[in-house]
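Subject: Structure handover

Hello,

Here is the structure I promised to pass on. Please open it first, then read my notes below.

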Amino acid sequence: MAAVIRTSGLHKHYRRVRALDGLDLEVSSGQIHGFLGPNGAGKSTTIRVLLGLARATSGEARVFDRDPWRDAVALHRRIASVPGDVSVWPNLSGGEAIDFLARLRGAKRRDPVYRAEKERLLEAFQFDPRKKGRAYSKGNRQKIALIAALAVPADLYILDEPTSGLDPLMEVVFRREIARLRDAGATALLSSHILSEVEQLCDRVSIIRAGRIVESGTLAELRHLTRTEVSFEAADASALEGIAGAHDPAFDAGRARFTVDSDAVASVLPELAQRQVTGLRVQPPTLEELFLRHYGEEVAGEANGDGERVASATAAGR
């Protein structure tokens with residue numbers, strides 16, 4: 001598949017701060033690509049460069065094989081974007097703001113197709129378009145950006161923490177809308193710290209750390225980089241003895257547990273079958289575990305004076 005987004009050795013420096021430090025990222029056509037990393041990792045800076053809102057210090061960034069800095073006007077006709085922190089015009093109503101943003105991308109307010117899609121999204125997101133911008137909460141301002149982006153078809157969707165400020169019910173609605181885009185063959189770059197959201201929606205995932213991509217691939221590919229947990233019913237810890245390739249053996253509450261390299265699971269199962277184990281469970285590694293491979297030590301370091309952890313991996317990304 002052709003690359004819609006491609007960066008190579010991308011750098012963005014703010015004086016002595018290296019926001020991007022040799023970023024290599026590729027998003028193929030028809031792909032929902034998850035972009036994971038906590039605040040300060042470089043996600044938003046990458047998106048600003050891709051949207052032509054910031055100029056790279058060095059390296060290359062291409063969107064539809066065009067320079068996003070030089071060709072920003074032409075590219076924005078093909079791109080729908082949602083920022084993580086939305087501001088709206090205080091004297092425009094929500095509906096007027098949606099129409100204005102949609103018109104910037106070529107929509108006509110009286111177009112029946114646009115009006116029908118806008119009404120569908122207003123109902124789906126339970127949004128009242130009659131209030132003035134100054135009266136909207138953060139979550140409702142986010143809905144304005146989402147509805148405007150989704151109401152007009154685009155070749156590429158760039159979404160920076162798009163569910164920021166939404167309640168859990170509206171997060172479900174957002175996931176449903178992104179699933180619609182995916183089924184329609186759309187291309188999207190989805191920046192998020194919500195691991196379950198990325199796990200459910202994305203075809204591929206890239207993890208960014210300190211301005212560089214440290215892992216990239218499909219979830220299945222990334223799972224091979226960590227271990228799978230296997231557990232079964234047992235009388236005591238002796239049931240774990242002699243299992244080839246087993247790591248981290250443990251026994252608790254009548255269950256024996258161990259981990260095994262994900263690509264070696266198939267070789268372990270015949271041995272467990274010979275032992276006639278019962279209550280067998282095989283739990284593939286989650287995206288959270290993959291994320292913690294790169295940020296776990298930072299999370300572990302965020303402790304109070306009593307040594308109590310004060311932040312989870314998910315909170316680290318907020």
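Domain bounds here come from an automatic or database domain assignment. That assignment divides the chain into domain 1 (3–219) and domain 2 (227–284). The centres of domain 1 and domain 2, taken over C-alpha atoms, are 42 Å apart.

Two notes on the source. This is a predicted model, in which local features need pLDDT of at least 70 and side-chain atom pairs count only at pLDDT 80 or more, while totals for chains, interfaces and linings use all residues. Residues are numbered from 1 along each chain as its sequence is written, and side-chain values use heavy atoms, with hydrogens and water left out.

The chain as a whole

The secondary structure comes to 11 helices and 13 strands. Helices (H or I, at least four residues) and strands (E, at least two) are DSSP runs, numbered from the N terminus. Along the principal axes, the C-alpha atoms fill a box of roughly 70 × 50 × 45 Å. Of the 318 residues, 46% count as buried. Buried means under 20% relative accessible area, exposed means over 50%, and partly exposed is in between (1.4 Å probe, protein chains only). Contact means heavy atoms within 4.5 Å. Among contacts between residues at least 6 apart in sequence, 65% join residues at least 24 apart.

Helix H6

Start with H6 (residues 168–183). At 1.5 Å a residue, its 16 residues should span 22 Å, and the end C-alpha atoms are 23 Å apart, which agrees. The expected span is 1.5 Å times one less than the number of residues. At the start of H6, a side-chain oxygen of Asp167 comes to within 3.1 Å of the backbone nitrogen of Leu169. Just after H6, Gly185 has a positive phi of about 85°.

The buried residues of H6 include Met170, Val173, Phe174 and Leu181. What covers the buried residues of H6 includes strands E3 (32–36), E6 (156–160) and E7 (187–192). Helices H4, H5 (138–151) and H7 (195–201) are also part of that cover.

H6 packs with helix H4 (residues 112–124) at an angle of about 145°, with the axes 10 Å apart. Axes are lines fitted to C-alpha atoms, for helices over the stretch in contact, and angles run from 0 to 180 degrees between N-to-C directions. H4 brings Glu117, Arg120, Leu121 and Ala124 to the contact, and H6 brings Met170, Val173, Glu177 and Arg180. These residues divide into four nonpolar, no polar and four charged. Ala, Val, Leu, Ile, Met, Phe, Trp, Tyr, Cys and Pro count as nonpolar, Asp, Glu, Lys and Arg as charged, and the others, Gly among them, as polar.

In H3 (residues 94–104), Gly94, Gly95, Ala97, Ile98, Asp99 and Ala102 are buried. They pack against H4 and H5. Gly106 follows H3, with a positive phi near 100°.

H1 (residues 43–50) is mostly covered, with six of its eight residues buried. Those are Lys43, Thr45, Thr46, Ile47, Val49 and Leu50. Gly52 follows H1, and its phi is positive, near 75°.

Loop residues

Thr163 sits in the loop between E6 and H6. It is buried, with a relative accessible area of 5%. Its side chain makes a polar contact with the side chain of Glu197 (3.4 Å). A polar contact is a pair of N or O atoms within 3.5 Å; within protein, one must be able to donate a hydrogen and the other to accept it, and residues adjacent in sequence count only if both atoms are side-chain atoms.

Gly84 is in the loop between strand E5 (79–82) and H3. It is buried too, at 17% relative accessible area. Beyond its neighbours within four places in sequence, Gly84 is in contact with Lys138, Gln142, Asp160, Glu161 and Ser164.

Most residues other than glycine have a negative phi. Ala210 has a positive one, near 50°. Ala210 lies in the loop between strands E8 (204–209) and E9 (212–218), and counts as exposed at 53% relative accessibility. Asp65 also has a positive phi, near 60°. Asp65 is in the loop between strand E4 (58–63) and helix H2 (72–76).

Best wishes
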